[in-house]
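Visitor: I'd like a close look at one spot in this model, and then how that spot sits in the whole thing. Could you walk me through it?

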Amino acid sequence: MTGAAGEPAVREHTRPVAGETPARGSGTTAPGSGTALGPELPSEVTEFVPLAVTLDGAGGACVAGVTAEGRWLRPEPVTAAQVAGPDPVYAVHHPVRLPLGPATGDGARPEDRAAAGAPRRASPPAEPARRAALLAAVADPDVATAFAGGRSAGLVAVRPLGYHHQRSTGGRTFLRLEFTDNTGERFDWIVRDVRLLDAGPGEIALPAGPEAPLLYAAVGLTHPNHRFPGRFRGCHPLVVGLHPADGSPLLPNETSLEGTAGAPGTA
């Protein structure tokens, strides 16, 4: 498959992840009579593993993840209550199921899907070795490939060089990660991972530096706002999820990822 002009060809993530069974969809098709809001669209119950769960300071939430076949999906809409709080339905590495249909809005990206019902937890998270295998299987070789072919979500192995907070021109302070990908190119992007939302300056205890262990960074693009022309099609690039390469929890308080043995498609 050929990418956009000046971009590398995009790799389609359609092969099953080793050891996992693709989840079956319901194949439910909406009746043709439609509704007062217009014709109903077909939807299918889909299972995927969230690798990016974000929340911004204004309450905007977003989730993206991969199916057992390795295909990226981004259900919309997602509410703040679904990603934050004591028991959010969307959490990193916790498989979920929900009916999804084609995205209907203008400017839909390849990963976008319309949520046609409430998400539900599908099974416990996989154990660390299987999480590590999933990350390795779906990762792109570098940032450019992750965003090739019109894509707006992907996973890249990165070397974390440092975390810092920076105030924007609007007066808001953002956590940022400086990192390099496999090409050696250096990036400095805002981090929107919900697990790090409340971290203040000096509170990030994650390893960083030239000798730090590799991380997998889920990366995403905002919708175009025409303030960032050029390389990323007018979109703002973000780090939307961070994952240790060995499948271990990112933070010590992620007790929900300890002692688990589930896998997508097993519920």
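Visitor: Which residues does Arg176 touch, not counting residues up to four places away in sequence?

Guide: Quick housekeeping before the tour. This is a predicted model, so local features need pLDDT of at least 70 and side-chain atom pairs count only at pLDDT 80 or more, while totals for chains, interfaces and linings use all residues. Residues are numbered from 1 along each chain as its sequence is written, and side-chain values use heavy atoms, with hydrogens and water left out.

Now to your arginine. Leaving aside residues up to four places away in sequence, Arg176 touches Gly162, Tyr163, His164, Gln166, Asp188, Trp189, Ile190 and Val191; contact here means heavy atoms within 4.5 Å. Arg176 belongs to strand 8, residues 173-180. Strands (E, at least two residues) and helices (H or I, at least four) are DSSP runs, numbered from the N terminus. With a relative accessible area of 16%, Arg176 counts as buried, because the cut-off for that is under 20%, with exposed over 50% and partly exposed in between (1.4 Å probe, protein chains only). A polar atom of the Arg176 side chain lies 2.5 Å from the backbone oxygen of Asp188.

Five strands form an open sheet in the order 9-8-7-10-11, with antiparallel pairing; two strands pair if DSSP finds at least two bridges between them. Strand 9 (186-190) and strand 11 (237-244) are the edges, each with a single partner strand, so one side of each has no neighbour in the sheet. From one strand to the next, the twist averages 45°, taken between N-to-C directions on a 0 to 180 degrees scale, with axes as lines fitted to C-alpha atoms (for helices, over the stretch in contact). Further along the sheet, strand 7 (residues 153-167) and strand 10 (residues 215-221) run antiparallel and are joined by six bridges. One of the pairs there has Gly154 with Val219 of strand 10 as its bridge partner.

Then there's the packing. The largest nonpolar core has 24 residues, and Val143, Phe179, Trp189 and Leu242 have the most contacts inside it. Such a core is a set of buried Ala, Val, Leu, Ile, Met, Phe, Trp, Tyr and Cys residues joined through side-chain atoms within 4.5 Å. Helix 3 (143-146) and strands 7, 8, 9, 10 and 11 each supply at least two residues of this core, and strand 10 gives the most, with four. A second, separate core of 19 residues includes Leu134, Ala153, Ala218 and Val240. Trp189, by the way, is among the Arg176 contacts too. As for Leu242, its contacts beyond four places in sequence include Tyr163, Leu177, Val191 and Leu215.

Helix 2 (residues 128-138) is worth a stop. Its buried residues include Arg131, Leu134, Leu135 and Val138, and their cover includes strands 1, 2, 7, 10 and 11.

That brings in strands 1 and 2. Ten of the twelve residues of strand 1 are buried, and so are five of the six in strand 2 (residues 61-66). Strand 1 (residues 44-55) pairs with strand 2 in the antiparallel sense over six bridges; Val49 stands opposite Val66, and Ala52 has Ala64 as its bridge partner. These two strands form a hairpin with five residues between them, and Gly59 in the turn has a positive phi of about 90°. Strand 1 also pairs antiparallel with strand 4 (residues 96-102) over five bridges, where Thr46 meets Leu98. Strand 2, in turn, runs antiparallel to strand 3 (residues 72-76), joined by two bridges, with Gly65 opposite Leu73. Strands 2 and 3 make a hairpin as well, with five residues between them and a positive phi of about 85° at Gly70 in the turn.

Finally, the whole protein. It has three helices and eleven strands, in the pattern β-β-β-α-β-β-β-α-α-β-β-β-β-β along the sequence. Buried residues make up 47% of its 267 residues. Among contacts between residues at least 6 apart in sequence, 63% join residues at least 24 apart.

Technical notes. Polar contact = N/O pair within 3.5 Å; in protein donor to acceptor, adjacent residues only side chain to side chain.
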